[in-house]
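Here are a few notes to read alongside the structure. Keep it open while you go through them.

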Amino acid sequence: MALKHAVLAALLDGEYSGYQLAKAFDVGVANFWHAMPQQLYAELAKLETDGLVAGRQVVQETRPNKRLFQVTDAGLAELERFAAHSSKPSFIRDDLLVKVQAVDHIDATAVIGQLDERAALAAAKAELFTKILARLRGDLDEAAFLAHGTRIGPYLTCLRGLGFEQETRDWCERIAGVLRARNDPPGQHGRG
């Protein structure tokens, strides 16, 4: 997947400025695709040049002018082509896992601290996803929304993000507990 597909998918909800797109990425798309704001601005310019998005200038009196972008028919066709191709399996690439892999031969204290930090971060993100899901559902319960709601794509990806963050939290808490138990008394954590 290229960044262009994530940007096109994010723009399906309507017109966004580059700033609004960056905020949309932070809140929703970031659970499956990370991009820096500079990357998003550059990608918008490229997509506009390629005819996959259309931009229009909005004149503002008290602030600088801004450009709003929306997906064109060509952009929708590109998403259709993208959706028709098989997706490659995902993989984990995480430096914290490298540290856990090496924990038998290093001081586990710093790794335990990082596991605690990651667990707290994952818990906060899970809470955010829970709030986003409630907002997307509105007055419907989940079963009714999934059966009859409109625009369920963002909801489904948010569900994946929630599950990922909950599993990350649970794993980090468990592994930190295992390492703490092995680390007491100090110096007895299985160096070999």
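1. A quick definition to start: a salt bridge here is a side-chain nitrogen of Lys or Arg within 4 Å of a carboxyl oxygen of Asp or Glu. Bear in mind that this is a predicted model. By that rule you get eleven salt bridges.

2. Next, look at Asp94 and Arg118, whose closest N and O atoms sit 2.7 Å apart in a salt bridge. This pair links distant parts of the chain, 24 residues apart: Asp94 is in the loop between helix 4 and helix 5, while Arg118 belongs to helix 6. Asp94 has 24% relative accessibility, so it counts as partly exposed; Arg118 is partly exposed at 26%.

3. Then there's Glu165 with Lys125, a salt bridge at 3.3 Å, N to O. Glu165 is in helix 8 and Lys125 in helix 6, so the pair ties together parts 40 residues apart in sequence. Is Glu165 buried or exposed? Buried, with a relative accessible area of 7%, whereas Lys125 is partly exposed at 32%.

4. Some salt bridges share partners: Lys4, Glu78 and Arg81 are joined into one network that way.

5. Finally, Val58, which lies in strand 1. Val58 counts as buried because its relative accessibility is 18%, and the cut-off for buried is under 20%. Leaving out residues up to four places away in sequence, Val58 touches Asn65, Lys66 and Leu68. The C-alpha atoms of Val58 and Leu68 are 7.2 Å apart, with the two residues ten apart along the chain.

Notes
Residues are numbered from 1 along each chain as its sequence is written. This is a predicted model: local features need pLDDT of at least 70, side-chain atom pairs count only at pLDDT 80 or more; totals for chains, interfaces and linings use all residues. Side-chain values use heavy atoms; hydrogens and water are left out. Helices (H or I, at least four residues) and strands (E, at least two) are DSSP runs, numbered from the N terminus. Buried means under 20% relative accessible area, exposed over 50%, partly exposed in between (1.4 Å probe, protein chains only). Contact means heavy atoms within 4.5 Å.
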